[in-house]
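Dear colleague,

Please find below the structure that I am handing over to you.

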Amino acid sequence: MPFNFKMTKLWQALISGMAVGSIYALIAQGYYITSITTNTLNFGQGDFLMIGALFGLTCYLALGGPSITAFIMAAILATGLLAMMGAALERIAVRPVRHLTSLSWVLSTLSVAVILRNAAQLIWRPEQHPFPSPLGDKAIHIAGAGILPQEILILVVSISVMILLMVFLRRSILGKALLAVAHNSNAAAAMGINVQRMVILAYVLSSVLAALGGVLIAPITFAYAYMGTVVGVKAFAAAILGGLENPLGILVGGLIMGVIEQVAAGINSNLKDGITFALIILILAVKPTGLLGKQ
């Protein structure tokens, strides 16, 4: 009986961890896109997720949610807003300082994150806001473990979007132009590719992924001004764990991190983050470039 109980908890941690981990991987793909094209990262990615969640919630309620239609429309509006914010971030906060010193863009994106957090507290107040799931809150039981319909939606949508992103980058003309800029921006410019537009596109895609992640995860975590801080850090850790320059590795890293986190929570919820990051440090000590990163 005790053994069966432990196996059930492990199964529960596995399916819940994959749902949460897929969000980490989705956000981490945003780090990947800006990293390969500009050698910069948006360290406000978690706060972009937060804005996506809170703005999505506002739209969702205004459209009469909870319903599937209102949820889809809210997601579209949130991704539209964040796409514009991503373009503005690149133009105002990254482009002017990217060539000044090696770390100017770090401070710049972190500053934007703080501004967004403060603005969110003024607009939506500091408290946590419930985001009703369009699929309800009745858990589905699979082999003894319960999973919310929203968690299944998170897993399916996140992995589908990441697969579409990989197909876009490798099969479409626009995606190939983006990768050409990532490989050699001077050669890409000589071939007639507008490098600056590709850089803006990278930030737009990165911000859209953050918005989608915020709308998906808010129904299981609440929406509030500080919700993106930890998620952003964990998504970055997932990217490093899987290999920042490998989108498949990032997916694997996100899923592994989510599962480790849930297993650690089952052992002791107070040590959840400590155990998770300790294991990541151990893994990176053996494979510093990440699990699927290049040597």
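The notes below describe the overall fold, the nonpolar core and several individual residues.

This is a predicted model, in which local features need pLDDT of at least 70 and side-chain atom pairs count only at pLDDT 80 or more, whereas totals for chains, interfaces and linings use all residues. Residues are numbered from 1 along each chain as its sequence is written, and side-chain values use heavy atoms, with hydrogens and water left out.

Overall fold

The protein chain contains eleven helices and two strands; these are DSSP runs numbered from the N terminus, with helices being H or I of at least four residues and strands being E of at least two. Read from the N terminus, the order is α-α-α-α-β-β-α-α-α-α-α-α-α. The radius of gyration of the protein chain is 19 Å, close to the 19 Å that the globule rule gives for 295 residues, so the chain is as compact as a globular protein of that length. That radius is taken over C-alpha atoms, and the globule rule is 2.2 Å times the number of residues to the power 0.38. The C-alpha trace spans about 65 × 50 × 35 Å along its principal axes.

Of the 295 residues, 48% count as buried. Here buried means under 20% relative accessible area, exposed means over 50%, and partly exposed lies in between (1.4 Å probe, protein chains only). Among contacts with a separation of 6 or more, 74% join residues 24 or more positions apart, a contact being heavy atoms within 4.5 Å.

Surface and charge

The accessible surface of the protein chain comes to about 13,900 Å², and 71% of it belongs to carbon and sulfur atoms. Such areas come from the Shrake-Rupley method with a 1.4 Å probe; for residues, only the protein chains shown count as cover. There are 16 positive and 8 negative side chains, with the centres of the two sets 10 Å apart. Lys and Arg count as positive and Asp and Glu as negative, while His and the chain ends are not counted; each charge is placed at NZ of Lys, CZ of Arg, CG of Asp or CD of Glu.

Nonpolar core

The largest nonpolar core has 76 residues, of which Phe48, Ile51 and Met227 touch the most other members. Helix α8 (residues 195-221) gives the most to this core, with 13 residues. A core of this kind is a set of buried Ala, Val, Leu, Ile, Met, Phe, Trp, Tyr and Cys residues joined through side-chain atoms within 4.5 Å. Leaving aside residues up to four places away in sequence, Ile51 touches partners including Leu81, Met85, Leu116 and Trp124.

Individual residues

Arginine 117 belongs to helix α4 and is buried, with a relative accessible area of 17%. Beyond residues up to four places away in sequence, arginine 117 touches Asp47, Met50, Ala225, Tyr226 and Thr229.

Isoleucine 200, in helix α8, is partly exposed at 26% relative accessible area. Isoleucine 200 and arginine 91 are 109 residues apart in sequence, yet their C-alpha atoms are 7.7 Å apart in space.

Asparagine 39 has a positive phi of about 60°; it sits in the loop between α1 (2-38) and α2 (45-62) and is exposed, at 65% relative accessibility. Arginine 125 has a positive phi near 65°; it lies in the loop between α4 (104-124) and β1 (140-142) and is partly exposed, at 46% relative accessibility.

Yours sincerely
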